[in-house]
Amino acid sequence: MRQLTGKQHAAVRLVDIYRVFFEIGLLSFGGGLMSWIHREVVERRGWMTREEFLSGVALSQILPGVNSTNVSVFVGQRLRGAVGAAVALTGVLTGPFAGVVFAATIYQWLLGAPGFTSAVAGVAAAAIGMLLRFGIEAGRLAALRGPVAVLVMGVTFVAVGLLRWPMLPVVAVMAPLSVAACWPRGEGRDSPHA
Amino acid sequence: MRDNIYVDLIVFLAPLSLASVGGATGLYAPFQHEMVELRHWVTQREFVELFAVARLAPGPSSMLAPMIAFKAFGVLAALVAALALYLPSSAVVYAASLVWGRYRDKPWRKACEQGLAPVAAGLVLAGVLTLLRVVDGGPLAWITVAAVAALLTLRPRLHPLPLLAAGAAVFLLARAAGA
C-alpha cells in the first residue's frame, strides 16, 4: 500500500521503468497515451500520486515537445533522476521508432489493403474513448476542490476545445489565476494545508 | 556545410523540437515545406502516403520526420532525426521536473499542483474534442468513444489493447455492412 503517499517509495527499478514505458510506447495508438501512462504509473503501480501526475501533465502541455514523451521524461525524472528520465524516454520511443521504420518499409502494400483506413479510424476512436475517461476522471477530482476549479476547467475546455483558441495564451492566463486561488493564505508559509 | 545529411537533419529538426508547443500537428507544415519543397527528400505524393501510414504506427505523430528520414536515407538518418526531434524538448522538461521535485515540500508547490490540475483536466478534455475532429468516423466514432469511456468507468482494470482491437473491429464491421 504505497499508493497515495507518493513520497517515499523504494526506488523503482530502471528495468521496470523501461518495460512499462516500452509497452506504453509500443501500444500507444491514436493519441490516448496520457490515459495509458496514468493507468500504468498511478492506478496500477502507485509510483506517484494522481495530483503529481496531473501537474506533470500540465507541465508537459505547456513546455515544448510531444506530450507523451514529456510526461515520460517527467515520470522518469521523478522516479530515478536523470537516468530514469533517459530510460523512460528511450522506452517510450523504442516501439514507435521501430514502428515507423517498419511501416515505411511496407507502406505501399498497407495503403492497398482493404479496410486499412477503417481499422485505423476505429483504433483511434477507442483510444480517444480512453482519453475521455481519463479527462472525466481528472475533471471529477479537480471539481472536488470547489467552484473555482470547476470554472477554471470549464473555461480552459471551452477556450481550447470549442473555440479552438491557441493553447499557450489560454494556459498563460488560466494557470496563474488557478494557482493564485490555491495559494496558501496568511503568513503561515510553512503550514501547507489546503 | 549542407552536404552532410546528418548535420542537415539536426539543424532542421532541433529548433522544431523546441518550437513544437501543443502537439505535433503544428509540425506537419514545416515538415512538408522543408523535407519536400526545399530539400526534395521525398516527393509530395510520398509525403502524403507516409503521413497516412504514420497514423497506423504507434507513438507521437511527429515520428513522421524520422520516418521520412528513413525512407530517404536509411535507419541511421532516422535515428539522428528522432534524437534531434525529441532530445531538446526533453531536456527542458527534465529541468522543469528537477525544479518541481526539489521544492516538493514548499506550500507554493502544493498550490501549483492543485492549481494546475483543473487546467490539465480542461486541456485533456479539449484534446478529446480536437482528436475527434481529426478522426473521420462520423457518429460511429462518437459512439465508440462514449462506449469505451463508459466501459472503462465500469471496469477500470480492463486492458487497453482489447479495447483498441474492438474499436478496429467495429469500424471494419460497419464498413463491411456497407457504410
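Select Val41(A) to begin; this residue lies in helix α2 (residues 33-44) of chain A, where helices are DSSP runs of H or I with at least four residues, numbered from the N terminus. The model is predicted: local features need pLDDT of at least 70 and side-chain atom pairs count only at pLDDT 80 or more, whereas totals for chains, interfaces and linings use all residues. Residues are numbered from 1 along each chain as its sequence is written, and chains are lettered from A and ligands numbered from 1 in the order in which they are written.

Remain at Val41(A) and display its surroundings. Val41(A) counts as buried because it has 28 C-beta neighbours inside 10 Å; the term requires 20 or more other C-beta atoms within 10 Å of the residue's own, with C-beta atoms placed from the backbone. Leaving aside residues up to four places away in sequence, Val41(A) touches Trp47(A), Met48(A), Phe53(A) and Val75(A). Contact here denotes C-beta atoms, placed from the backbone, that lie within 7 Å.

Next, colour each chain by domain; the bounds come from an automatic or database domain assignment. Chain A comprises domain 1 (14-134) and domain 2 (145-183), with 25 Å between their centres, taken over C-alpha atoms. In chain B, the division is into domain 1 (5-94) and domain 2 (106-176), and the corresponding centres are separated by 26 Å.

Now show both chains together. In the interface, 90 residues of chain A are in contact with 87 residues of chain B. On the side of chain A, the elements that give two or more residues are α1 (14-26), α2, α3 (50-62), α4 (67-112), α5 (116-143), α6 (147-162) and α7. That side has 59 nonpolar, 24 polar and seven charged residues; Ala, Val, Leu, Ile, Met, Phe, Trp, Tyr, Cys and Pro count as nonpolar, Asp, Glu, Lys and Arg as charged, and the others, Gly among them, as polar.

Finally, select helix α7 (residues 167-182) of chain A and helix α6 (residues 107-134) of chain B. Their axes come within 8 Å and cross at roughly 140 degrees. The contact includes Met174(A) and Ser178(A) of α7(A), and Gly115(B) and Leu116(B) of α6(B).

Key: Axes fitted to C-alpha atoms, helices over the stretch in contact; angles between N-to-C directions. Contact = placed C-beta atoms within 7 Å. Buried ≥ 20, exposed ≤ 12 C-beta atoms within 10 Å, placed from the backbone.
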